[in-house]
Amino acid sequence: MPTQELSYRDALRMALVEEIDRDQNVFVMGEDIGRYQGTFRVTEGLFQKYNVEQNDWRIIDTPIVEPGFTGIAIGAAMTGLRPVVEMMTMSFSILALDQIINHAAKIHYMTGGQSTVPMVIRGPGGAAKQLSAQHSHSLEGWYAHCPGLKVVAPATPQDAYSMFKQAVRDDNPVIFTENPGLYTIKGEVTTGPDVLQPFGKAQVLREGKDLSLVAYSRMVHVCLEVADRLAEEGISAEVVDVRSLLPLDTETIYQSVRKTNRAIVVYEDWKSGGFGAEIASRISEDCFDDLDAPVGRVGGLNVPMPYSRVLELECIPNADDVMAAVRKLG
Amino acid sequence: MVLIRRFEDKCNIAYRQGLVGGYMHVYIGMEATAVGWNAALKPGWDYVITAYRDHAQPLIMGSDPVKVMAEIMGRSGGYSFGKGGSMHIYDIENCFFGGWGIVGGHTPLGAGLAFAAKYRKEDRVTICYLGDGASNAGVFFESLNMAALWDLPVIFIIENNEFAMGTRLEYHAADTQLYKRGEPFGIKSERLDGMDVLQVKADAERIVNWVRENQKPYLVEVMNYRFAGHGAADNDRQLYRTKEEEDENTKRDPIARLEKYLTENNLMTAEKMEAINVEIEERVEAIYEEAVNSPHPEPHEVYAHVYSDMEPEKGH
């Protein structure tokens, strides 16, 4: 299968184009995604390619009304269409929570399996650069709290590609969150019509024996940096990329912890009640006898995201914060 | 109409017997609206979606009434195996899309059904019912805008039964002429009667045909009256309306009105009407018996249908 170097953003776009081409039921809707080509340029060129050159209504610019267009996508999905809904930022999906939680997540259950909602809601989630308090939320933990949704947070261009294709083909509503800090990272990507990454499979991105660093999305890269720094001190850290929050692959996480006997969970969301707390709780509950130290947690500061770059950087966990947590483990 | 009336009467009895839990909202007094509009649709082709007062539509769209009543009783023989209940009846095969409990929340879904028809270049029409209470919801206005923007073949029917739960129209709507909700978006909008079933059917045929032909949305305010309380648990109707008002409106009863029409025009004898009533009463009794004998779901079924392709994590 062909392999090429792609940015996370280009990998996403390539997957999106392949799925639109593969299945006439797939269409994209969202704010400024068409003529404006998307605020983060994931849909760059697609309006021209489909709507203009092929005269095919596949890329649909919407008014700025998240509840309304999310609801329209849900209704369309109930008839078997496969909408990909872009949230300009995941923070705006808060407006559509009623549609996502009260409607999309409940439809298969409330209909007794008569209907499915094959829909993807994707967009940038987490802090970008000085977007301040209303545009910087990490909401994946809110969504992963809700049965009926699937929630994924890929960290690499390969997973952006293969998990996105998987998401489009899934018959259930999928929340697909992309940390804005990831769009420009590059990596080797194996492509092909059926290069899919099934959900519910964590991956070990770096093997180690002394300590497990467990993370998802951009925090995986912070953990990889920490592992490099620890290696210089002769400490061997394993990095586990959770990548799928719901369903969650606890087994891969536990296997790592059983090997290293120490774990730190790292997440950008507010530390208190964030999804990292769920992972830490499970490790404590199920691997208690394997642990040589309490499970560590590094999360975002429990404050609204400030505008000042100095204060913003204070909020987002970095390698120094994780190193401090490693020292604390002893 | 008589089937709906007797079915809903029986649901009220079942509720009082403790066979129905939670919230239950009956359609008594409003029958002419659903029956008249449904008569204008292509069965098994056009889509219908409504809120939580949702027993009537499936009964007249070809659904199995036993499965409807079993669902209302939370039994495994129901359309959703007892997981939906009174407010969440669905029969997707017959194009009935529910059955929704958040006021106004289903209106974009109605637009979405019409969107799908347009996307696939099918000539399906969607009817999206909502109440006068839902006509104030922001998401409804968003839906109207997009329905007009994209020329979606959807008919929004505001069933104005004069009350948003226990709050009278003039206390919840700045403009009580609800049909005007469509006008700012350039949507053809009308206020129509909802109690004379023959007139409703004639209006419905005219509008459904127009929407199918012109592929544009339409908004209708249908004037009817909720004879019953908001829900089965609403025992304080005198807090928002008088007995005299209820009695006055009972004179508008769509069933009595049709009976009077049939009699005056010598279209049906009193005996024949009585025979129909008896037959339907017996039928509803049989529906009730079959539904009440449907078993409760097994505890393990709680995990089914959370996802289409996997089970959720189990245990407390």
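**Figure 1. Lining of the largest pocket in the predicted model.** By class, the residues that line the largest pocket of this predicted model comprise 20 nonpolar, 10 polar and 9 charged; Ala, Val, Leu, Ile, Met, Phe, Trp, Tyr, Cys and Pro count as nonpolar, Asp, Glu, Lys and Arg as charged, and the others, Gly among them, as polar. The volume of the largest pocket is about 970 Å³, a volume being the space filled by probe spheres set on grid points that are joined across faces, edges and corners. On a 1 Å grid over the protein atoms alone, a pocket is an open set of points with protein on both sides within 12 Å along at least five of seven lines, a cavity is a set where a 1.4 Å probe fits but cannot get out, and lining residues have an atom within 4 Å of a point. Of the 39 lining residues, Ala144(A), His145(A), Leu246(A), Arg282(A) and Glu313(B) are the closest to the centre of the largest pocket. Two or more lining residues come from each of α6 (140-144), β12 (244-246), α9 (250-260), β13 and α10 (275-286) of chain A, and α10(A) gives the largest share, 7 residues. Helices (H or I, at least four residues) and strands (E, at least two) are DSSP runs, numbered from the N terminus. The largest pocket lies between domain 1 (3-190) and domain 2 (203-329) of chain A, because both give residues to its lining; the domain bounds come from an automatic or database domain assignment.

**Figure 2. The largest cavity.** The structure holds 4 cavities of 30 Å³ or more, and the largest has a volume of about 150 Å³. Among its 14 lining residues, the closest to the centre are Ser136(A), Glu268(A), Trp270(A), Val303(A) and Met305(A). Strand β13 (residues 263-270) of chain A supplies the largest share of this lining, 3 residues. The lining of the largest cavity has 8 nonpolar, 4 polar and 2 charged residues. Domain 1 and domain 2 of chain A both contribute to the lining of the largest cavity, so it lies between them.

**Figure 3. The second largest cavity.** About 70 Å³ of space lies in the second largest cavity. Its lining includes Gly125(A), Ser138(A), Glu140(A), Tyr216(A), Arg218(A) and Glu268(A). By class, 3 residues of this lining are nonpolar, 5 polar and 3 charged. Because domain 1 and domain 2 of chain A both give residues to the lining, the second largest cavity lies between them.

Figure 4. Trp150(B) is located in the loop between α6 (138-149) and β3 (154-160) of chain B. With a relative accessibility of 8%, Trp150(B) counts as buried (buried means under 20% relative accessible area, exposed over 50%, partly exposed in between; 1.4 Å probe, protein chains only). Not counting residues up to four places away in sequence, Trp150(B) has contacts that include Met29(A), Trp57(A), Ile60(A), Pro63(A), Phe115(B) and Lys118(B), where contact means heavy atoms within 4.5 Å. Trp150(B) and Lys216(B) are 66 residues apart in sequence, and their C-alpha atoms are 8.4 Å apart in space.

**Figure 5. Cysteines.** Over all chains, 0 disulfides are found, a disulfide being a pair of cysteine sulfur atoms within 2.5 Å. Cys223(A) is in no disulfide, and the nearest cysteine sulfur, that of Cys287(A), is 17 Å away. Cys223(A) is buried, with a relative accessible area of 0%, and Cys11(B) is buried at 1%.

**Conventions.** Residues are numbered from 1 along each chain as its sequence is written, with chains lettered from A and ligands numbered from 1 in the order in which they are written. In this predicted model, local features need pLDDT of at least 70 and side-chain atom pairs count only at pLDDT 80 or more, while totals for chains, interfaces and linings use all residues; side-chain values use heavy atoms, and hydrogens and water are left out.
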